[in-house]
Amino acid sequence: MTIGTDMLEENPPVQSELSASDPATGHDEATIRNPHLKYWQDILEVNREVATQSPPLQVSGHLTKVTGLVMEAVGLRMAVGSTCIVQLPNHQVEAEVVGFSGEKLFLMPEIDVQGLVPGARVIPFETARNKATPGQHRRAADLTRHLPVGEILLGRVLDGAGRPLDQHGPLADGPSAALQSRPINPLDRAPIKEVLDVGVRAINALLTVGRGQRMGLFAGSGVGKSVLLGMMARYTTADVIVVGLIGERGREVKEFITDILGTEGLKRAVVVAAPADTSPLIRLQGAAYATTIAEYFRDQGKNVLLIMDSLTRYAMAQREIALAIGEPPATKGYPPSVFAKLPQLVERAGNGIERGGSITAFYTVLTEGDDQQDPIADSARAILDGHIVLSRRLVEQGHYPAIDIEASISRAMNNLVSPGHFTQVQHFKHLYAHYQRNRDLINVGAYVNGSDPLLDEAIMMHSRLSQFLKQDMYVADHYAESMDAFAALFEQRK
């Protein structure tokens, strides 16, 4: 039987001689003398190159059920808080793992669930991972979603997923950070010792705020909380302002940016907007993202003002998710996870390490029907460093800003002002409260002068006290001016 040359090329004869390698070719002598062995080595080398260039095998699962806001998927093992992508014929939907039961994962989408089909493919979304430093244990938060941070965000308006909402194009490349950060050791935090000038006379003098303090702004609807927030955003001395508009009306987003912040204010600000028509996941992420941005600038040594409107909408978004995945309600329909999430968010603000930056935070808390005992308001009051209450009664009297000085308090104030000033503030509140308690008696003329020396003084000074608490929204009253005006108030009494 004759063997053709083509057969010889495909199946060269096997030779078994072994000898030393040839340095000139890189092959040993046995390979050179054995064409069959060399042929298969070349084939394996080519296949190895093809294998290294091919994409890795992709783990995926599929949707089995969609009920309301929650999707159920099987076939994946993912941590709570991690992100995945649901693939559809024409687009894809990002979702977050919010719980699991057995082999089923509960997913919450970023957008509505329109267009989802049974069996849609679910693919894990890889995120950047922080390396644990020596002495630290890796936490699940290190595997959660990372979003852009840094100087590139100044002057920009973003949604809760870090996507630009303005018309200034995509974000430039820059650093990113996890939405859930590592907590600061409480013993490493710098104490609150430095006064923060917010530009509002009543707050500067009577509710002095320290740099790194976390304050709550408690108000019902339509009592001027947005105006007061705007005054603080314009007049507060801070390196960077981060504004989180969470769950509010979409109309208010542009109004806050154009009318309240203005062009100059926006240059040193970052706005994260997650209006009421977005999914509860985006509202939760919006609050966490605003805090993450503030943390980044604090870690750079900057003094940050964080304004979040509102903490109540954040709690409502968590309630929607918790109820959707089957968590039982507890207090007034709020599941226990809501009250666990609030301190986790708030505690991320505050001072950093000694000689580092700071985050001074103002959180608005909506009080339904002006009920100060609302469960969210009550919980927020317990975890914040003070609260400013806005009164509907003062608004009806044309008194702006409508700060109820009797119901408001700054818990860090006694560490920021002199004992003499603190005593005068207590006397101011005493006079103001005493007049309010006897207002009806005074108005009907039933009070006889001289019956109560303290009330006599309160009646004499009431007009000056009320005037001191009023301020035009377009006029700043800085800390030194506020303190001088307050001192002059009691000098006039003498």
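Helix H12 covers residues 419-437, has 19 residues and reaches 27 Å from its first C-alpha to its last, close to the 27 Å expected at 1.5 Å a residue; the expected span is 1.5 Å times one less than the number of residues. Helices (H or I, at least four residues) and strands (E, at least two) are DSSP runs, numbered from the N terminus. The model is predicted: local features need pLDDT of at least 70 and side-chain atom pairs count only at pLDDT 80 or more, while totals for chains, interfaces and linings use all residues. Residues are numbered from 1 along each chain as its sequence is written, and side-chain values use heavy atoms, with hydrogens and water left out.

The chain contains 15 helices and 19 strands, and 48% of its 494 residues count as buried. Among contacts (heavy atoms within 4.5 Å) with a separation of 6 or more, 69% are between residues 24 or more positions apart.

In soluble globular proteins, nonpolar side chains tend to be buried together.

Helix H8 (residues 311-324) has 14 residues and spans 20 Å from first C-alpha to last, close to the expected 20 Å. Threonine 312 lies in this helix and is buried, with a relative accessible area of 2%. Not counting residues up to four places away in sequence, threonine 312 touches Thr364, Val365, Leu366 and Ile376. Just after H8, glycine 326 takes a positive phi of about 100°. Leucine 366 also lies 7.3 Å from serine 221, C-alpha to C-alpha, although the two are 145 residues apart in sequence. Serine 221 is exposed, with a relative accessible area of 57%.

A search of the whole structure finds 19 salt bridges, each a side-chain nitrogen of Lys or Arg within 4 Å of a carboxyl oxygen of Asp or Glu. In one of them, the closest N and O atoms of lysine 104 and glutamate 72 are 3.8 Å apart. Lysine 104 lies in strand S5 and glutamate 72 in strand S2, so the pair ties together parts that are 32 residues apart in sequence. Lysine 104 is partly exposed at 33%, whereas glutamate 72 is buried at 12%. Arginine 145 and glutamate 110 meet in another salt bridge (2.2 Å, N to O). Arginine 145 is buried, with a relative accessible area of 7%, and glutamate 110 is buried, also with 7%. A further salt bridge joins arginine 251 and glutamate 255 (2.8 Å, N to O); being four residues apart in helix H6, they are separated by about one helical turn.

Terms used. Buried means under 20% relative accessible area, exposed over 50%, partly exposed in between (1.4 Å probe, protein chains only).
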